[in-house]
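Have a look at the fold below, then let's walk through a few of its parts together. Keep the viewer open as you read.

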Amino acid sequence: MRLTLLRFARLNPSVKELRLHLCQTGEESKGVRDFVNTRYVQLKRDNPTLPILVRECSGVQPRVWARYELGKEKSVTLTNATAEDVSKHIEQLGKAQ
C-alpha cells in the first residue's frame, strides 16, 4: 500500500468562511466525520486565516457551505460522501465564486 501526503491548495481569498454540518452518529455523515478526523488539520494549515466551522447536530443532513465576499453562499450536500469526496467538494467550492 502506498502512503501519500494530502495537501490542500490554498483556497481562493474570496472564500471568507467554510461550514461543515454533520450528524455525530448517522451513517450518512461517516465520510464527513472521517474528513474532520483525518484531513481538517491539513486544511487549516494550508488556510490558516480562514474560519472553518464544524457543526454537529443529531439527525442533520451532512453539508458544506462556503461563504464568499458580499455574503454570497454556496453549499453542497455530503450525504454518504467519502472523506475524499468531501475534500474534492471543498476544493471545488474554494475555486468557485
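At 44% relative accessibility, cysteine 57 counts as partly exposed. Bear in mind that this is a predicted model. Where is the closest cysteine sulfur to the one in cysteine 57? It belongs to cysteine 23, 7.8 Å away, which is too far for a bond. A disulfide would need the two sulfur atoms within 2.5 Å. Searching the whole structure turns up zero disulfides, and cysteine 23 is in none, with the sulfur of cysteine 57 as its nearest cysteine sulfur. Is cysteine 23 buried or exposed? With a relative accessibility of 3%, cysteine 23 counts as buried, because the cut-off for that label is under 20%.

Now move over to strand S3, residues 63–68. In a regular strand, side chains alternate between the two faces of the sheet. You can follow that here: Val64, Ala66 and Tyr68 make up the covered face of S3, while Arg63, Trp65 and Arg67 make up the uncovered one. As for aromatic pairs, the count comes to zero.

Which strands does S3 pair with? One is S1, residues 15–22, which runs antiparallel to S3 and is joined to it by six bridges. To find your place in that pairing, look for valine 15, which stands opposite tyrosine 68 of S3. The other is S4, residues 73–77, also antiparallel to S3, with five bridges between them.

S3 and S4 form a hairpin with four residues between the strands. Zoom in on leucine 70, which lies in the loop between S3 and S4. Leucine 70 isn't a glycine, yet it has a positive phi of about 60°. Is leucine 70 buried or exposed? Its relative accessibility is 90%, so leucine 70 counts as exposed.

Asparagine 80 sits in the loop between S4 and helix H3 (83–95). Its phi is near 60°, again a positive value in a residue other than glycine. Asparagine 80 has a relative accessible area of 58%, so it is exposed, given that the label applies over 50%.

Terms used: Residues are numbered from 1 along each chain as its sequence is written. This is a predicted model: local features need pLDDT of at least 70, side-chain atom pairs count only at pLDDT 80 or more; totals for chains, interfaces and linings use all residues. Side-chain values use heavy atoms; hydrogens and water are left out. Buried means under 20% relative accessible area, exposed over 50%, partly exposed in between (1.4 Å probe, protein chains only). Helices (H or I, at least four residues) and strands (E, at least two) are DSSP runs, numbered from the N terminus. Two strands pair if DSSP finds at least two bridges between them. Rings of Phe, Tyr and Trp (its six-membered ring) pair if their centres lie within 6.5 Å; planes under 30 degrees apart count as stacked, over 60 as edge-to-face and the rest as tilted.
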